[in-house]
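Please read these notes with the model open beside you.

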Amino acid sequence: MTSRIPGFYHLTLSERLDKISETVDLSDEEKTTLLDKGLSVQQADQMIENVIGTFPIPLGIAVNFKVNGEDVFIPMATEEASVVAAASNAAKLTYQTGGFTTSTTGSIMRGQIQIINVKNPYHTLAKIYEKKEDIIQLCNEQDQTLVALGGGAKDIEVLVLEESKMVVVHVLVDTRDAMGANAVNTMLEAVAPLIEEISEAEVVLRILSNLADKRIVRARATFENPFNNKKDEVERFLSAYKLAMIDPYRAATHNKGIMNGISAVALATGNDTRAIEAGAHAYAASSGVYRSLSHWELGDDGHIIGTIELPLVVGIVGGATQTHPVAKLALKLMKIKSAEQLAGIIAATGLAQNFAALRALATDGIQKGHMKLHARNMALMAGAKMEQVDKVIQQAAEKETFNFDTMKEIVESQQN
Ligand code: NAD
């Protein structure tokens, strides 16, 4: 199969779905789920509390991606115009150079148990390490399924926060193909009484840490130089990245662009976007200065080499990944077999998104492409009826301006 579909953008909605179904066998019911049904209110009512409806978000497909040698269509759930197009355009520049290559450090999550008012913190630390095997065993008794899959609690780390007379026990749990928050929290709550007994002090917090520094994903790709080797534009591209390495004001926006891709694939697959975002931003600040999650370098051949590194806590079982019908289909579309595979694809999407943003910023600026795509939203916001939208956009294009004031003027002139 190939993820390169020139003109995918110009196909009708059902033609696009037919193209995708040529590579993944989708039943008529699955197609209906994607096109019309989505998540039913009855299904939603099983997921959260006080349900009164559902909140649909567009699901687009990013094309042109090759990850670890395999072509893949990437489903992205986002309300923001131009995100899917930007990812697809950037990925196109990597297709001939080998696509994206990824690696992960595994699927270990970190859970924290906070002990307060500890009389002799270092003595307590030593006593807790002596009971490491008992702690791990008790944790693993809570999740036989995970243990049978080769996962479960593997190790502990104990930290002393001397000034506050606190000791924090970290339980390291391999959560395999699950995101793992529930699995870890269950273990922590079960083992807390044993920790209190060993430490002869009071346990307060028993919760997973979203700074998943043992679940790091890396992706790299070589992007064909899109600047026709115009040296100053390449330098502008690299200088935009350099600013994100030293200036948190820029880094926040730079990383937001990365998260445009990451959160969209995470959401499409029913993963916890807040957990991923918290982890990514905490990791971006782990040197003491908040900075870029990606790095950009110039290759000898003039190509631009990008790398990204961040914690990516995603699952393909648990949470909403299997209960949300569209999330289940998103995993099927990508032929996902493991959480690590999904994490690699998500990191690749973030890197592509970052390339697209830097490229636009280094040349025309972000608004030119963005506003054209955002124009439909603006026209509707300015009061255009559905059947008027195309005409309003056409007139705005003639005026070469897509701002709200212009749209409003056009809509009003058409309605008068
Ligand atoms: P879960 O409890 O729904 O599923 C995980 C369980 O599935 C495992 O404990 C295991 O018993 C079983 N399982 C079956 N097959 C498996 C496989 N191949 N690999 C691993 N486990 C397998 O979900 P979870 O992943 O433990 O928790 C995710 C949910 O927790 C998300 O909905 C998230 O929003 C929520 N959450 C997040 C936080 C946080 O991020 N701080 C805190 C609390 C809850």
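**Notes on a loop residue and a cavity**

1. Thr269 counts as buried because its relative accessibility is 0% (buried means under 20% relative accessible area, with a 1.4 Å probe and protein chains only). This is a predicted model, in which local features need pLDDT of at least 70 and side-chain atom pairs count only at pLDDT 80 or more, while totals for chains, interfaces and linings use all residues. Residues are numbered from 1 along each chain as its sequence is written, and side-chain values use heavy atoms, with hydrogens and water left out.

2. Where is Thr269? The loop between α10 (248-268) and α11 (273-284) holds Thr269. Helices here are DSSP runs of H or I with at least four residues, numbered from the N terminus.

3. The side chain of Thr269 reaches two backbone oxygens: that of Val265 at 2.8 Å and that of Ala266 at 3.0 Å.

4. Beyond neighbours within four places in sequence, Thr269 is in contact (heavy atoms within 4.5 Å) with Thr321, Ala327, Ala330, Leu331, Met334 and Leu342.

5. The structure has one cavity of 30 Å³ or more. A cavity is a set of points on a 1 Å grid over the protein atoms alone where a 1.4 Å probe fits but cannot get out; lining residues have an atom within 4 Å of a point. The largest cavity holds about 60 Å³ of space, a volume being the space filled by probe spheres set on the points.

6. Which helix gives the largest share of the lining of the largest cavity? Helix α13 (residues 339-362) does, with three residues. Among the lining residues are Arg176, Arg215 and Glu340.

Conventions:
Helices (H or I, at least four residues) and strands (E, at least two) are DSSP runs, numbered from the N terminus. Buried means under 20% relative accessible area, exposed over 50%, partly exposed in between (1.4 Å probe, protein chains only). A polar contact is a pair of N or O atoms within 3.5 Å; within protein, one must be able to donate a hydrogen and the other to accept it, and residues adjacent in sequence count only if both atoms are side-chain atoms. On a 1 Å grid over the protein atoms alone, a cavity is a set of points where a 1.4 Å probe fits but cannot get out, and a pocket is an open set with protein on both sides within 12 Å along at least five of seven lines; lining residues have an atom within 4 Å of a point.
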